[in-house]
Amino acid sequence: MSTYRDLKNRLLKNKNIKKGYESLRPEYEMLDKIISLRIKSKLTQKELANKLNTKQSAISRLERGMINPTITFLNKLASVFGKKLVVEFR
């Protein structure tokens, strides 16, 4: 039986799949950072939602990548975690 890593490596040999995968990297890195900060802060989705004056379901959708947050929302989120939002182009 193949592992996830084996399957991923096999799929990424396809140039089109690899291109699509790489194009999503910034989004998934951002989501991973948000989830990590929430967990490190020992906040539930509901507690984070309350701090942002929104609903738990909105945080769930955000963490699952189902919505595209605005810069304003991300700035509020950073503030809750005591962080500064930085957006850059490389």
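Modeller: Let's start with a definition: a helix here is a DSSP run of H or I with at least four residues, and helices are numbered from the N terminus. Please keep in mind that this is a predicted model.

Biologist: Thanks! With that in hand, where is K42 found?

Modeller: K42 sits in the loop between helix 3 (25-40) and helix 4 (45-51).

Biologist: And why is K42 called exposed?

Modeller: Exposed means over 50% relative accessible area. K42 has 73% relative accessibility, so K42 counts as exposed.

Biologist: What makes the backbone of K42 worth a look?

Modeller: Most residues other than glycine have a negative phi. K42 is not a glycine, yet its phi is positive, at about 55°. N53 is another residue other than glycine with a positive phi, near 60°. N53 lies in the loop between helix 4 and helix 5 (56-63).

Biologist: How do you know whether N53 is buried or exposed?

Modeller: I use the cut-off again: exposed is over 50%. The relative accessibility of N53 is 73%, so N53 counts as exposed.

Biologist: Let's turn to charged pairs. What makes E22 and R25 a salt bridge?

Modeller: Side chains of opposite charge can pair when their charged atoms come close. The rule asks for a side-chain nitrogen of Lys or Arg within 4 Å of a carboxyl oxygen of Asp or Glu. For E22 and R25 the N to O distance is 2.8 Å, so the pair meets the rule.

Biologist: Are E63 and R38 buried or exposed?

Modeller: Buried means under 20%. E63 has 12% relative accessibility, so E63 counts as buried. R38 has 11%, so R38 counts as buried as well.

Biologist: What about E88 and R90: how do you know they form a salt bridge?

Modeller: Their closest N and O atoms are 2.4 Å apart, and the cut-off is within 4 Å, so the pair qualifies. E88 is partly exposed, with a relative accessible area of 46%, whereas R90, at 92%, counts as exposed.

Biologist: Now to the nonpolar surface. Which residues form a nonpolar patch there?

Modeller: L7, L11 and I17 form it, with about 220 Å² of accessible area together. L11 is found in helix 1 (residues 4-11).

Biologist: Finally, the largest pocket: what lines it?

Modeller: The lining has 23 residues, and P26, M30, L74, L85 and V86 lie nearest the centre of the pocket. Helix 3 and helix 6 (71-80) are the elements that give two or more residues to this lining. Helix 3 gives the most, with eight residues. By class, the lining has 15 nonpolar, one polar and seven charged residues. The volume of this pocket is about 780 Å³.

Terms used: Residues numbered from 1 in each chain as written. Predicted model: local features only at pLDDT ≥ 70, side-chain atom pairs only at ≥ 80, totals over all residues. Heavy atoms only, no water. Buried < 20%, exposed > 50% of the residue type's maximum accessible area, 1.4 Å probe, protein only. 1 Å grid on protein atoms, 1.4 Å probe; cavity = no way out; pocket = protein on both sides within 12 Å on 5 of 7 lines; lining within 4 Å. Points joined across faces, edges and corners; volume = space filled by probe spheres on them. Nonpolar A, V, L, I, M, F, W, Y, C, P; charged D, E, K, R; others polar. Patch = residues over 30% accessible without salt bridge, like charges linked within 9 Å, V, L, I, M, F, W, Y side chains within 5 Å. Areas by Shrake-Rupley, 256 points an atom, 1.4 Å probe, with all protein chains shown as cover.
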